[in-house]
Amino acid sequence: MVVASGNTFAKEMAIRKRIAGIYNKREEDFESLKEYNDYLEEVEDMIVNLVDGIDAPAVVARIVHYQRENADQIINAQARKAEEYASALAASKGQLPQTSIDLSSSSQAGTSGIAQGQYAPAIAGAGIGQPRPMGQPLPLGPGHDHPVGFEYEDEETMKLRAERAARAGGWSVEMSKKRTLEEAFSCIWV
């Protein structure tokens with residue numbers, strides 16, 4: 001039985017996340033299941049080689065070459081994933097995805113009420129609307145540093161939130177002091 005350390009696991013997860021962002025094809029992107037399985041096996045071999053440090057410079061060069069050759073496909077797959085995430089998020093909230101277009105003004109057909117510089121999912125099935133973006137999609141929301149739905153919190157608010165979470169878990173300063181004293185004096189024999 002092999003026991004992996006925490007650092008090895010964290011390293012592997014970081015590598016997998018990075019590789020998944022680049023090698024992001026799906027089964028429907030291939031002609032056959034065998035081609036898709038070969039693709040997955042190739043990706044897994046690269047991940048294992050990077051984690052174990054086997055011929056890492058060659059693997060990194062191969063990844064960089066693939067990334068350059070397939071930049072458009074990678075960005076389109078990321079945009080497709082963002083669209084699916086947005087529609088799943090809207091469905092989980094019981095809302096329909098915003099796909100309505102104001103056709104009353106033909107000069108505004110490209111904007112459809114979305115602020116400039118923000119990503120809006122393409123409309124499926126309709127031959128009109130906003131085309132898929134060619135650059136990296138920007139997240140919608142109040143700040144780009146934080147996940148969507150979480151407002152920026154100042155240091156005082158974060159400290160208060162941490163204290164409340166600790167109290168909810170049953171931790172208190174008094175309990176911590178009492179335990180420290182009990183542990184310190186438990187080793188003294190009279």
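The model is predicted, so local features need pLDDT of at least 70 and side-chain atom pairs pLDDT 80 or more, while totals for chains, interfaces and linings use all residues. Residues are numbered from 1 along each chain as its sequence is written, and side-chain values use heavy atoms, without hydrogens and water.

The protein has six helices and zero strands. Helices are DSSP runs of H or I with at least four residues, strands are runs of E with at least two, and both are numbered from the N terminus. Of the 190 residues, 14% are buried, meaning under 20% relative accessible area with a 1.4 Å probe, protein chains only; exposed is over 50%, and partly exposed lies in between.

Now the rings. Which residues do ring pairs link into a cluster? They are Tyr-23, Phe-30, Tyr-36, Tyr-39 and Tyr-66. Rings of Phe, Tyr and Trp (its six-membered ring) pair if their centres lie within 6.5 Å; planes under 30 degrees apart are stacked, over 60 edge-to-face, and the rest tilted. The count by this rule is four aromatic pairs. One of them, Tyr-23 with Tyr-39, is tilted, at 6.1 Å centre to centre and 50° between the planes. Tyr-23 sits in the loop between helix H1 (6-22) and helix H2 (33-52) and Tyr-39 in helix H2, so the pair ties together parts 16 residues apart in sequence. Tyr-23 is buried, at 8% relative accessible area. Tyr-23 also pairs with Tyr-66, and this pair is stacked: 4.1 Å centre to centre, 15° between the planes. Tyr-66 belongs to helix H3, 43 residues from Tyr-23. Tyr-66 counts as buried too, at 13% relative accessibility.
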